[in-house]
Amino acid sequence: MLTQSSTRVLEPADLGAALAVLRSAPVENAFVTARVQAAGLDPWRLGGEMWGWYSEGRLRSLCYAGANLVPICATPEAVRAFADRARRVGRRCSSIVGPAEPTALLWSLLEPGWGPARDVRPHQPLMASEKPSVDVTADPYVRRVRKDEMDVIMPACVAMFTEEVGVSPLAGDGGLLYQARVAELVGSGRAFARIDDGKVVFKAEIGAATREACQIQGVWVAPEHRGKGLSETGMAAVLRYALADVAPVVSLYVNDYNVPARAAYRRVGFQEVGAFMSVLF
């Protein structure tokens, strides 16, 4: 039994304790919770290590260290311990993302050695809804993307990713990993789109899903169709699907400078429940 503050890499036997921490904040932790529920804590299957911070023998905070570095329910003391470990192992992640306050502290500790970042987004409102929209009519043409429509949906996914992140997902491995992820979402019935005459007009995916909460990602409207309210009616449709088939709480996070998107999500019925921060390398 650990009796003092300590940090270590969690093992498969620690799964129950890790899930208890994750479930203490089901909406903000949906992304990592979904990964852990699917893969457990084995680093090879999880795609990274899960670091645990203990105080008085009890697991109290986590940090996922994979393609993303994600502090989870992290106290300031835990963040400092995670920063120490991160500095020792070196930067392996392409981003740091998580609840704004601990992520800001983590980045302030890592920036001297890891900076400069390509982009820092210090305040990304986390929004959530527990009921279908009452003010916006769901677009009846938004539906699940079929498996035989990968060649239709992929260009829209690439365009969305490039707009949002600032780099193409086709770089590096030619997009193999990104295409596999899109195929996974399509195959699991969590990719939605309005497709008119063979072209994507609106699209979004449910990227993370647990029994407690799910998270919408990749919201995109074709440039020539923007300003027509399709993001609102499309999101109303995806929200209805998500609540009916996936989880009782639906969330998303958005850049604070994207004022039109924030207003559209509020009209659909999403309310701000917190804030994330992202550091992109």
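Reply: Two strands count as paired if DSSP finds at least two bridges between them, and strands (E, at least two residues) and helices (H or I, at least four) are DSSP runs numbered from the N terminus. This is a predicted model, so to speak: local features need pLDDT of at least 70, side-chain atom pairs count only at pLDDT 80 or more, and totals for chains, interfaces and linings use all residues. Residues are numbered from 1 along each chain as its sequence is written, and side-chain values use heavy atoms, leaving out hydrogens and water.

Let's take the sheet. Its 12 strands run in the order β1-β2-β3-β4-β5-β12-β6-β11-β10-β9-β8-β7, making an open sheet with mixed pairing. At the edges sit β1 (6–9) and β7 (143–144), each pairing on one side only. Zoom in on β6 (residues 119–129) and β11 (residues 250–253): they pair in the antiparallel sense over four bridges. There, methionine 127 has leucine 252 of β11 as its bridge partner.

Now for the helices. α1 packs on the sheet and touches β3 and β4 (contact is heavy atoms within 4.5 Å). The direction of α1 makes about 85° with that of β3; axes are lines fitted to C-alpha atoms, for helices over the stretch in contact, with angles from 0 to 180 degrees between N-to-C directions. α2 lies across β2, β3, β4, β9 and β10 (214–221), and runs at about 70° to β9.

Just after α2 comes glycine 40, which takes a positive phi of about 75°.

One side note, on rings. Rings of Phe, Tyr and Trp (its six-membered ring) pair if their centres lie within 6.5 Å, with planes under 30 degrees apart called stacked, over 60 edge-to-face and the rest tilted. That rule gives seven aromatic pairs. Tyrosine 265 and phenylalanine 270 have ring centres 6.3 Å apart and planes at 65°, so they are edge-to-face. Tyrosine 265 is buried at 8% relative accessible area, and phenylalanine 270 is buried too, at 1%. Elsewhere, Trp107, Trp114 and Phe281 make up one aromatic cluster.

Technical notes. Buried means under 20% relative accessible area, exposed over 50%, partly exposed in between (1.4 Å probe, protein chains only).
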